[in-house]
Amino acid sequence: MLQDRLYYQEPYRTSFTTVVTQHAVDEQGRPFAVLENTAFYPTGGGQPHDTGHIADITVVDVEEVDGEIRHYLETPLVIGGTVSAEIDWDRRFDHMQQHTGQHVLTAAFVELFDYPTVSFHLGREFVTIDLATDQVSSDELRAAEKLANSIILENRPIEQKWVTQEELSAYSLRKQISVDEEIRLVIIPDFDTNGCGGTHPSSTGQIGSLKVLSTEKQKKNTRIHFVCGGRVLHQLGTVHDELSDVARLLSAPLDQAADATQKLLDAQHTLEKQLEAANEQLLEVEAASLAERKTIVIRQTYKNRAMQELQKLARKTLALREQAIVLLVSDDGEKLQFVASRTNSLTPDMRTVSSIVLPAIEGKGGGSASSVQGGGARTMPAEDLSELLERSIPVHV
């Protein structure tokens, strides 16, 4: 019965005395109590449940099951009769701020751009709404945030009314009501009227403030991440601490951290280019050394060489020889990788080589008639794999 739900009648009430009408254990073995009346809000409508204490026992969850509100407890409640109970007000008020902020931001997107909200989630750190649009611009985000905060700053009253289905026609609803009985409207005058079963403050000013944090592309919708009230201060503090740490690491003032970071990234990019050029020069020298060998089959093993480097080294070596077959193997301690390539002046089909070698190392690979590559388990030393590659060449050169 609605009159038993104190969170609707007195949403600011933090403690109460009531009678235990039932204490039991559910199908999952969780102890719970049912009270004659309760100020504990059960999970519903996107808003999480309240927590607190009943007779000094911690309430860990509150759910409505078959019309009764179950207060799930940390330990079983073994007493009946009259008990004292208290809700966690900080948690409740945070939920009131976030939920009401969602109403305001949702209405702002409808008012300005006709973007309806299709879903809402109140998480531990952030609140999200999914808008029925595949794109929201930065200008639209700023405009909606500005309008939402202006409504908050005006401190408009928030009205809560119970109406019948017949009375609904007198109200301009943001979206269609999904219930036929116990219809509760949450009204911000001249801005938003919406059916809702959550808890809300008495005025918009108690939301404090609202800050949009980020957006996320969904399949056909756009998810907006935001926070309200105390969570805005928490986010501001967290971000300030992180930026302060970054500024200290960069030896730069806080307001110049972005510029200092960009300079560091530019320097890193320059060093990466220089390192890449130096590595190319080393490969050229290494390829020249391999190409100077008098044998047609050139074998070499390495430690911890990337496949891309093996392929580059093979190409550079072959470019310096008219006739050669290059067999390169790398061992990183856990797996073996190889490249087997030849000049176009020779005819062996290197795919035959890989078809023999890959099963021996339980590996996979691919390539063409002139060049193959692959990798697999470390079933043998790198030098043994190199010798197997040479023995697998179908035509002796």
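This is a predicted model: local features need pLDDT of at least 70, side-chain atom pairs count only at pLDDT 80 or more; totals for chains, interfaces and linings use all residues.
Residues are numbered from 1 along each chain as its sequence is written, local features need pLDDT of at least 70 and side-chain atom pairs count only at pLDDT 80 or more, while totals for chains, interfaces and linings use all residues. Side-chain values use heavy atoms, with hydrogens and water left out.

Helix α2 covers residues 89–113 and helix α3 covers residues 138–153, where helices are DSSP runs of H or I with at least four residues, strands are E runs of at least two, and both are numbered from the N terminus. Their axes come within 9 Å and cross at roughly 125°, the axes being lines fitted to C-alpha atoms, for helices over the stretch in contact, and angles running from 0 to 180 degrees between N-to-C directions. The two helices are therefore oblique to each other, since angles under 35 degrees count as roughly parallel, over 145 as roughly antiparallel, 65 to 115 as roughly perpendicular and the rest as oblique.

The contact (heavy atoms within 4.5 Å) is made by V104, L105, A108, F109, E111, L112 and F113 of α2, together with E140, L141, A143, A144, L147, A148 and I151 of α3.

An open sheet holds three strands in the order β9-β10-β11 with antiparallel pairing, where two strands pair if DSSP finds at least two bridges between them. At its edges lie β9 (159–163) and β11 (192–195), each pairing on one side only. Five bridges join β9 to β10 (residues 183–188), and E159 has I187 of β10 as its bridge partner.
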